[in-house]
Amino acid sequence: MTHILNPDNSLNNWLKEQQFPAFRSKQIRRWLYQGRAGSFDDMSDLPKKLRDQIESDFTIWTSRVAEHQTSKDGTEKLLLELADGGRIECVLLKEENRRTICISSQVGCAMGCVFCASGLDGVDRNLTSGEIIEQMLRLQRLLPEEERLSHIVVMGMGEPLANLDRLLPALDQASAKDGLGISARRITISTVGLPKAIKRLADLNSRYHLAVSLHAPNDQLRNEIVPVNSNIGIDKIIESADHYFDVSSRRLTFEYVLLGDINDQPEHAHQLAKLLKSRNVLLNVIPYNPVAGLPYRTPSSKTISKFRAILLKSSINVQFRQRKGDDIDAACGQLRRKTGELHEIQPLN
Ligand code: SAH
């Protein structure tokens, strides 16, 4: 069975082989990307013969919804079980006119950030382009017909820049006019900060928005909480980020997760202000979303206020964000972990 969402020529080739006209491919794409067809049978303007034949050679969905949770604030989260048993998460957030989705790029994660649930068991594999698109379409289908997805953040499970070859064709479909039609500047790729891949992205003329998960203002602390930093260092990341800005004119975002008593002290705020000053960046500060079994916690509101006051006095653009979907384990990798424990799902070999 071929995955119809994998962006390659297999559908066009197949239509030709089976002697169906090429325009059928456009019709099929429209059904898929407008989120209106859950099966080939729903594609009512296709001849019955085509629907029957395509059904036996192609599949739309390769995953199964293992869980669907809805938060009090409207955030919805899907836990998808892939064909090989791997499990990933994706989230739909609703804020006024925005319909933002957060999608995964890998099963698990190899980066090992100490506070994050996704990387606790390492990485199993890269997602295919089709599996990345499948998350988008499953989430689009949760919305009423008149509502369209408006933003995508690749901030779910995995390190997107470690799977660029599959991610980019998927994002191309998201931004294509006859795909989801979401403009590139509304699509954010979040990375732990891999300078070579950031440069590659810049040199590919990427128009996507880039967010770098900094989480510490100096290498000593960053090495502790983001272990891959030991082989990279903040200077190289900032250098590649500047290059991305020069080439794309896209203002970068730096993410900073506040971990109680670890990176939340006034000295950290001062160092951060110094590191980022005179750069056209946005600093996003997010309180930690606690993960069961890990010893990290959210700072007190007093500590957060102090941290915030120092940064507001500095010259950098800073935004303090609220967490969403706390009651449904919406942070990276949390739901997979919890259900894994509850159902004792065996890891694949
Ligand atoms: N690997 C990429 C993208 C996935 S993680 C990256 O590092 O950016 C997306 C963001 O969620 C990162 O900034 C990550 O550090 C943050 N994150 C992970 N677990 C979290 C938690 N429990 N609470 C708050 N933020 C978390």
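Q: How many residues of domain 1 are in contact with residues of domain 2?
A: Let's start with the layout of this predicted model: the chain is divided into domain 1, residues 2-59, and domain 2, residues 64-338. Contact here means heavy atoms within 4.5 Å. On the domain 2 side, 16 residues take part, and on the domain 1 side the number is 12.

Q: How much area do domain 1 and domain 2 bury between them?
A: The size of an interface is often given as the accessible area lost when the parts come together. For domain 1 and domain 2, carbon and sulfur atoms make up 55% of that buried area, and the total is about 1,200 Å².

Q: Which residues in domain 1 lose the most area to domain 2?
A: Think of the area that the domain 1 side buries, and ask where it comes from. Three residues together provide 46% of it, and they are Pro-7, Arg-29 and Tyr-33.

Q: Which residue forms a salt bridge with Arg-29?
A: Across the interface of domain 1 and domain 2 there is 1 salt bridge, and the two domains also have 8 residue pairs in polar contact. A salt bridge needs a side-chain nitrogen of Lys or Arg within 4 Å of a carboxyl oxygen of Asp or Glu. With its closest N and O atoms 3.2 Å apart from those of its partner, Arg-29 pairs with Asp-178.

Q: How far is an oxygen atom of the ligand from an N or O atom in the side chain of Ser-190?
A: Now to the ligand, where Ser-190 is among the closest residues, along with Glu-159, Ser-213, His-215 and Asn-289. A polar contact needs N or O atoms within 3.5 Å. A backbone N or O atom of Asn-289 lies 2.8 Å from a nitrogen atom of the ligand, and for the side chain of Ser-190 and a ligand oxygen the distance is 2.7 Å.

Q: What percentage of the ligand's accessible area does the protein cover?
A: On its own, the ligand has 540 Å² of accessible area. It is surrounded by 19 residues, and by class this shell has 10 nonpolar, 8 polar and 1 charged residues. The share of the ligand's area that the protein covers is 92%.

Key: Residues numbered from 1 in each chain as written. Predicted model: local features only at pLDDT ≥ 70, side-chain atom pairs only at ≥ 80, totals over all residues. Heavy atoms only, no water. Near = heavy atom within 4 Å. Polar contact = N/O pair within 3.5 Å; in protein donor to acceptor, adjacent residues only side chain to side chain. Areas by Shrake-Rupley, 256 points an atom, 1.4 Å probe, with all protein chains shown as cover. Nonpolar A, V, L, I, M, F, W, Y, C, P; charged D, E, K, R; others polar. Domains from an automatic or database assignment. Buried area = accessible area lost by both parts, 1.4 Å probe.
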